[in-house]
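My entries follow in the order I looked things up.

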Amino acid sequence: MKLKYLYGLISLAVLFSSCNQEEFTNDTIDYDTKNVIKLGSVQLDDFENNTLSRATYEGYATKFEYNDKLGLILIDQDGKQLANAPFTYSAAGWTNDNTTYYSSKIDKIIAYFPYNAQLSQNVVTLDAVKQTIEIATDQSSLDKFKQTDLLACEIEDPSPELNLQLKHVFSLMEFSATQQLEVEGETFNYNIAMSNVSFSIGETMYTPCNLNGGYVCMIKDNSSLQKDDFRYFYTIEGKSNVKTLTTDKTITSGTKYTFPCPAAGMGEPNTLSAGDFYCTSTSDKVVILPSIAATIPEGLTCKGIVFYTMDQATFESYASTNNLTANDYPGYNNNHGLIISLKDGGPLGSASSFENFLLRSIEGWNNKESLNGYKITQAMQEAVKDGTITSFTALNNHEEPASSATTSWFAPSFKELSILIRGGDGTTATGEGRAYINQQLQEIGGTTLGEGNIPSITFESQESPTQQNIVWFVTGKDGAKYSYPFTNTTPGESFRPICAF
């Protein structure tokens, strides 16, 4: 039964601050604030067939963003639209923007998202709402995709407080390439990075949105995909692929359809290369995902990006240089490497006693061809402990190692930094290494390396300890090297900590 309310002894057709269908004066109406339309909750029924939800689409989680707007179309017993009332989302819930009131004349409500302020007064059915949405063939941007994903529901017996159960009005096409990686009895599924993804229905070509490691696109329901009339296209590791259906498929409203995108040799598991994602499981198992992974699977935490690899013999030499015991580090399937952190550290720290530090005769502190950042960093940390150096802040926010199988974080030597920025063996001055690592950092939301000056922990030898000390930098833009002299000051650029495994 519908709730009906009387206001004093007068009869009103409708009480909406947003709709002036009747004339009245404020002094003759006693507004009852409990009759303002409120949204108690807004839930979403997911797509049928697997799980995928709207809103920000982060991890396919169901949530709305700050300032998102939905609309309530209020319809009377004669099928006429009384109002198109907007509601805005914030941390406090959904706000009735125009203080729209409930009235006994409301016979039905259609809730829909996203809100359309230009909605015609002739729109009084769900089918009419659907016609207001144009399915874009180019949904490559997140904004275009979200505007096409119409959510709606009908309320036949409305009241002043509503609980909405929205549904996806159209259907979802998802294209993804997946792979499994097994580590010590645990299996992890992840998406493979793709490019140039599109599909055609007849003569119409669609461009989906890259989202959470896959590609998604909305299409209208009640259509049929003919096996000879539907094709989809994608590229993996430079190889183009085209697929089609083996049988016809009828599209049903609110349903998710997944189209697999297989390709041969999609990132060989248990190998190691620059760009791989160094992850740990909840049980501290090390799991390294291939560089073409597009997502980090649930249950894994990415700790950094591999930017340099070493075989066992090379690692033993590296360990000797840095006073490490090689047997303490098992590596990954007998391979080793260096990892860049997902975030910056800090500047060098206090430089007031660097002259004394340089006189400690630490072997290799001025060698621009040595992978000795760990040893130099350890020495500087010891110098802080004995008071030779006042402070050392290059490793800010890096107190915990990446895993139990890695060294602690350290500031890179000039050679290590050159490899990171330049790529390859770090000999040729380019920014190619930085560009590639930044691409990987962006995949997982890490802080990218800027084009400015990135410091190393390698110092320049001086004829006299009274001369200015010099620390070597690499520019992120073109990989060029230069030196930064200072006395009792510190370079302003932040270090990017690395570690070895």
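Entry 1, a strand pair. I looked up Thr309 and found that its bridge partner in S23 is Gly337. Strand S22 (residues 300-310) and strand S23 (residues 336-341) run antiparallel and are joined by 6 bridges. I note that helices (H or I, at least four residues) and strands (E, at least two) are DSSP runs, numbered from the N terminus. Two strands pair if DSSP finds at least two bridges between them. The model is predicted, and local features need pLDDT of at least 70, side-chain atom pairs count only at pLDDT 80 or more, and totals for chains, interfaces and linings use all residues. Residues are numbered from 1 along each chain as its sequence is written, and side-chain values use heavy atoms, with hydrogens and water left out.

Entry 2, the sheet around that pair. I read the strand order as S21-S20-S22-S23-S27, an open sheet of 5 strands with antiparallel pairing. At the edges I found strand S21 (286-289) and strand S27 (498-500), each pairing on one side only. From one strand to the next the twist averages 35 degrees.

Which strands does helix H6 touch? Helix H6 (residues 414-422) packs on the sheet against S22, S23 and S27, and its direction makes about 105 degrees with that of S22. Helix H7 (residues 432-443) also packs there, touching strand S20 (277-281), S22 and S23, at about 165 degrees to the direction of S22. For these values, contact means heavy atoms within 4.5 Å. Axes are lines fitted to C-alpha atoms, for helices over the stretch in contact, and angles run from 0 to 180 degrees between N-to-C directions.

I checked burial along H6 and found 9 of its 9 residues buried; buried means under 20% relative accessible area, exposed over 50%, partly exposed in between (1.4 Å probe, protein chains only). Among them are Lys415, Glu416 and Arg422, as well as Phe414 and Leu417. Just after H6, Gly423 has a positive phi of about 85 degrees.

Leu420, Ile421 and Arg422 of H6 meet Glu432, Gly433, Arg434 and Ile437 of H7. I sorted the residues of this contact into 3 nonpolar, 1 polar and 3 charged.

Is Ser370 buried or exposed? Ser370 is buried, with a relative accessible area of 12%. It sits in the loop between helix H4 (354-358) and helix H5 (373-385). Leaving out residues up to four places away in sequence, Ser370 touches Thr321, Ser413 and Lys415.

I found an open sheet of 4 strands in the order S12-S11-S16-S17, with antiparallel pairing. Strand S12 (204-206) and strand S17 (239-244) are at the edges with a single partner strand each, so one side of each has no neighbour in the sheet. Strand S11 (residues 195-201) and strand S16 (residues 230-236) run antiparallel, joined by 5 bridges. Ile201 stands opposite Phe230 in S16.

I noted 7 helices and 27 strands. Of the 501 residues, 50% count as buried.

Notes:
Ala, Val, Leu, Ile, Met, Phe, Trp, Tyr, Cys and Pro count as nonpolar, Asp, Glu, Lys and Arg as charged, and the others, Gly among them, as polar.
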